[in-house]
Amino acid sequence: MTTSGKEQVNVLWFRNGLRLHDNQALMKATEDKSCKLLPIFIFDGETPTTKHCRYNKMAFLLECLEDIDTQLWYHGGRLNFVEGEPAQVFRELHKHFAIKRLCFDQDCEAIWLERDNAVKNFCGTHRIEVLESIGQTLWDPLEIIEANGGTPPLTYGQFCHVTKAIGPPKRPVDDVDLKNVEFVELENFPDILSSMTVFPNLPTPQMMGIEREADEEKIYKGGEKLALKYFHRRIKYERESFMSGSFLPNRRDPDILNPPKSLSPDLKFGCISVKKFYWAVMDTWDEVTDDDPPANYTIVSQLIWREFFYAMSANNPFYGEMERNPICINIPWYENDNQLEAYLAGNTGYPFIDAGVRQLKKEGWTHHIVRNALSMFLTR
């Protein structure tokens with residue numbers, strides 16, 4: 001307890017990075033054993049990119065949160081689910097607790113700056129230490145921009161050159177031992193429950209205002225434990241590919257008719273650490289062959305493309321637009337509402353294109369070979 005009579009806590013704010021392994025924010029939040037740990041997820045209607053999402057994405061997110069909650073329960077805690085605007089949520093929590101640290105993973109895209117700056121400004125005026133970790137990307141995109149002279153690299157080759165100069169990504173951090181961590185459960189504080197919305201249990205998609213549509217079919221299931229299972233299966237797949245003298249097996253031999261082998265949604269929500277994935281592939285290569293990895297990150301090129309786009313979006317609030325986007329070429333697109341409607345309905349008359357659109361609408365995913373065909377159809 002502090003002199004004010006408030007219990008001293010460190011807050012771990014989950015946004016992306018929905019895992020316990022390779023979690024530097026968790027490590028920083030549990031360093032000081034004199035503070036209890038308050039793990040929290042805030043349903044603000046947008047984080048993590050849930051605005052306008054459909055059932056499959058929201059259900060996947062909730063499965064990720066349920067997995068974390070279950071793991072924390074095993075160690076005597078739980079993940080607290082709160083609804084509200086983040087800065088206001090922390091303002092209310094500060095009335096009841098002496099918050100010493102607020103720890104979270106960086107959300108580098110500019111669309112999150114307003115949210116994060118509001119939280120940081122509140123913490124600054126109340127002497128709460130903010131510790132922001134790089135957990136969603138291999139490198140800090142802001143460091144890449146600085147190393148490139150203040151602007152993001154605009155070609156993949158330039159991006160590879162800059163990151164080679166910075167050095168390899170950091171290794172994953174060790175797992176945190178939660179045995180001796182004391183947790184805070186908000187439902188044990190009646191005063192808090194009367195001043196803010198705290199869910200006693202994990203909410204459902206319906207409680208978030210999202211109904212399952214009749215044609216939707218859920219393929220991916222979320223959660224760290226399942227993601228790690230898929231991860232080990234994927235690394236085995238990569239190892240077999242290396243041993244046969246090739247790499248990038250999904251691109252070389254795409255399997256578009258069977259369930260997906262990708263870990264894309266798990267990386268998006270951080271159920272699997274991108275650093276863990278990167279270094280597992282690199283280490284597997286070293287174990288299988290004495291050759292140096294191919295130039296320009298070839299064996300992990302899809303991860304590097306992901307980093308490239310994160311770097312281009314950082315500090316650019318208009319990244320998703322064309323006219324106001326400083327790094328976008330303005331193209332005089334033609335408008336044809338009938339053709340656009342046919343595309344969105346999967347009714348263009350091109351079987352491969354229509355199958356991809358319908359799969360995307362029904363299952364929420366499509367193989368990257370089909371995705372490339374969809375994008376070329378729109379732009380060629």
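In this predicted model, P48 sits in the loop that joins strand 2 (36-43) to helix 2. The peptide bond from T47 to P48 is cis. Its omega is near -15°. H52 is found in the loop between strand 2 and helix 2 as well. H52 is not a glycine, yet its phi is positive, at about 65°. The relative accessibility of H52 is 72%, so this residue counts as exposed.

A positive phi also occurs at R127, again a residue other than glycine. The value there is near 55°. R127 belongs to the loop between helix 4 and strand 5 (129-133). With a relative accessibility of 80%, R127 counts as exposed.

The largest nonpolar core comprises 65 residues. L65, Y278, V300 and I304 have the most contacts inside it. Helix 2 (residues 55-74) supplies the largest share of this core, 10 residues. Another core lies apart from it and has 24 residues, including F90, F97, V184 and V198. In soluble globular proteins, nonpolar side chains tend to be buried together.

Not counting residues up to four places away in sequence, Y278 touches L138, P169, Y297, V300, L303 and I304. Y278 also takes part in the packing of helix 11 against helix 12: V274, F277 and Y278 of helix 11 meet L303, I304 and R306 of helix 12. The axes of helix 11 (residues 274-288) and helix 12 are 10 Å apart, at an angle of about 145°. The crossing is left-handed.

Helix 12 (residues 301-313) also contains Y310. The relative accessibility of Y310 is 12%, and therefore Y310 counts as buried. Y310 and Q136 are 174 residues apart along the chain, but their C-alpha atoms are separated by 9.8 Å. Leaving out residues up to four places away in sequence, Y310 is in contact with C108, E109, Q136, T137 and P141.

Helix 3 contributes P86, A87, F90, R91 and H94 to the contact. Helix 4 contributes R115, A118, V119 and F122. F90 is also one of the residues of the 24-residue core.

D69 lies in helix 2. At 18% relative accessibility, D69 falls under the 20% cut-off and so counts as buried. The side chain of D69 reaches the backbone nitrogen of L79 at 2.9 Å. Its neighbours within four places in sequence aside, D69 is in contact with R78, L79 and F81.

N80 is placed in strand 3 (residues 80-83). The relative accessibility of N80 is 3%, so N80 counts as buried. A polar atom of the N80 side chain lies 2.9 Å from the backbone nitrogen of L186. Not counting residues up to four places away in sequence, N80 touches L38, P39, I40, F41, V184, E185 and L186. Of these contacts, V184 is also a member of the 24-residue core.

Key
Residues numbered from 1 in each chain as written. Predicted model: local features only at pLDDT ≥ 70, side-chain atom pairs only at ≥ 80, totals over all residues. Heavy atoms only, no water. Core = buried A, V, L, I, M, F, W, Y, C linked by side-chain atoms within 4.5 Å. Buried < 20%, exposed > 50% of the residue type's maximum accessible area, 1.4 Å probe, protein only. Helix = DSSP H or I, 4+ residues; strand = E, 2+ residues; numbered from the N terminus. Contact = heavy atoms within 4.5 Å. Polar contact = N/O pair within 3.5 Å; in protein donor to acceptor, adjacent residues only side chain to side chain. Axes fitted to C-alpha atoms, helices over the stretch in contact; angles between N-to-C directions. Left-handed = near helix turned anticlockwise from the far one by under 90°.
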